[in-house]
Amino acid sequence: MLNLLSGVRVVSLNHFLLGPVGTQHLADLGADVISVEPLDGAFQRNWGGANKRIDDQSMLFLAGNRNKRSLALDMKSKAGREVVERLIAQADVLAENFRPGVMDRLGLGCETLLERHPGLIYAAASGFGADGPYADRPGQDLLIQAMSGLARITGSADGARPVGVSAADHHGAALFALGILAALFRREKTGKGGRVDVNLLSAAIDLQVESFTCFMNGEQPETVYQPKNVGGWYFAAPYGIYATRDGEIAISLGEISLLAKAIDRPELNDFDKNAQYVQREEVAAIVAAAFAQQDTAHWVERLNAEGVWHSVVNDYPDVVRDPQVRHNDTFIEVEGATGSPIRLVNHPIRYDEATASVSLPPQPLSAQAEQILHMLEYSDDEIETLFDSGVVRRPGT
């Protein structure tokens with residue numbers, strides 16, 4: 001197991017995807033992440049993709065909750081809040097993604113906690129930010145993709161289309177971890193804690209930094225939808241994806257003369273750099289007509305011969321068995337909490353040539369409750385009282 005963050009304790013009050021995945025990045029690096037959930041479990045335990053449950057867990061839960069200890073309690077009760085306050089007193093980071101104002105109503109707002117614990121990193125994730133005209137709106141990935149323009153640039157003249165994954169959540173999670181690490185680094189130098197804020201709307205726009213920079217400077221286009229075949233509104237053809245007789249191929253950068261030779265379309269040489277953008281749909285139509293005439297294997301051979309940058313468009317089974325993906329240990333199989341094998345996407349960064357490992361698979365609800373309460377110096381009798389009163393969920397129930 002990687003121990004880059006050994007000794008760092010994170011109290012995670014997170015639900016959905018951004019917060020759990022962001023704190024999972026920290027857990028993969030060796031931080032002690034304690035996930036505090038409601039008595040009936042956080043949202044991600046009870047909903048997940050494709051109606052699947054593996055190891056008695058939802059897919060959403062499996063995606064962002066490894067290497068964490070679990071504690072379920074009633075935060076609205078006085079005794080439950082006391083448990084959380086004891087946890088925070090021992091923590092380096094409090095990470096939460098409630099709507100703005102919820103933590104204040106619980107008596108655990110940022111100002112209150114930083115006054116008590118000046119070295120604490122208070123990290124808040126939200127849909128739109130801690131304040132502003134949209135602060136009280138529900139933030140969810142699809143809604144954010146629509147609002148941020150991401151669904152528009154991914155769509156075509158036929159209509160907008162979201163990215164096929166929760167892209168804003170995933171990028172937001174990486175930014176969440178980045179912000180926490182930067183704040184921890186500052187504290188290491190100065191002893192000062194502070195607040196970190198990440199929001200889905202900014203994360204989704206940050207995903208489009210190249211596109212927005214192009215849009216906001218110089219002449220603006222009439223629309224930013226994706227032209228047919230071309231990879232985006234601001235790209236010149238032939239940059240894009242083209243159907244072959246039995247599949248699809250992506251064509252990236254390179255001299256158009258090389259592609260013209262590879263697909264035997266000398267008329268492509270008539271389009272200079274400017275025309276490749278201005279007349280991109282005309283260029284793309286010529287390329288598309290050529291690719292449609294032969295199988296993928298034929299074109300791969302021809303493109304390789306001429307040094308054209310390209311890739312076959314893979315379906316998921318192709319990705320899972322790809323030799324470079326396997327070499328990178330991108331997917332890992334571990335034994336789940338109930339003994340069932342589960343396959344996960346591994347931590348994506350290597351450190352000193354080592355990849356992260358899974359010390360704890362995603363855990364059953366409140367599995368470490370007794371262990372955590374002992375750590376907080378509750379006596380056996382006090383722990384039993386918390387269990388019996390329903391303030392803390394007893395493991396296995």
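Which residue in β10 does Ile 241 stand opposite? I looked this up and found Ala 250.

**Entry: what I am working with**

I note that the model is predicted, that local features need pLDDT of at least 70 and side-chain atom pairs count only at pLDDT 80 or more, while totals for chains, interfaces and linings use all residues. Residues are numbered from 1 along each chain as its sequence is written, and side-chain values use heavy atoms, with hydrogens and water left out. Helices (H or I, at least four residues) and strands (E, at least two) are DSSP runs, numbered from the N terminus.

**Entry: the sheet**

I went on with the sheet that holds β9 and β10. It is open, has three strands in the order β9-β10-β11, and its pairing is antiparallel. Strands pair if DSSP finds at least two bridges between them. β9 and β11 (310–312) are the edge strands, each pairing on one side only. Neighbouring strands are turned by 25° against each other on average, direction ignored. I counted what joins β9 to strand β10 (residues 248–251): four bridges, in the antiparallel sense.

Two helices pack on this sheet. Helix α14 (residues 280–291) touches β9 and β10, and its direction makes about 35° with that of β9. Helix α15 (residues 296–306) touches β10 and β11, and its direction makes about 20° with that of β10. Such angles run from 0 to 180 degrees between N-to-C directions, and axes are lines fitted to C-alpha atoms, for helices over the stretch in contact.

**Entry: helix α1**

I asked how many of the residues in α1 (residues 18–28) are buried. The answer is 11 of 11. Buried means under 20% relative accessible area, exposed over 50%, and partly exposed in between (1.4 Å probe, protein chains only). After α1 comes Gly 30, with a positive phi near 105°.

I then looked at α1 against helix α9 (residues 167–190): their axes come within 8 Å and cross at roughly 45°. The two helices are therefore oblique to each other. The cut-offs are under 35 degrees for roughly parallel, over 145 for roughly antiparallel, 65 to 115 for roughly perpendicular, and oblique for the rest. On the α1 side, the residues that meet α9 include Leu 18, His 25 and Leu 26. On the α9 side, Phe 176, Ile 180 and Leu 181 are among them. Contact here means heavy atoms within 4.5 Å.

Most residues other than glycine have a negative phi, and most peptide bonds are trans. I listed some exceptions.

Asp 55 has a positive phi of about 55° and is not a glycine. I placed Asp 55 in the loop between β3 (53–54) and β4 (57–58). Asp 264 is not a glycine either, and its phi is near 60°. The loop between α12 (256–262) and α13 (273–278) holds Asp 264.

Is Asp 55 buried or exposed? It counts as buried because its relative accessibility is 4%. Asp 264 counts as exposed because its value is 58%.

The peptide bond from Ala 237 to Pro 238 is cis, with omega near 15°. I found Pro 238 in the loop between α11 (209–216) and β9 (240–243).

**Entry: Ser 35**

Ser 35 lies in strand β2 (residues 32–37). At 5% relative accessibility, Ser 35 counts as buried. Which residues touch Ser 35, leaving aside its neighbours within four places in sequence? I wrote down Ser 12, Lys 68, Arg 69, Ser 70 and Leu 71.
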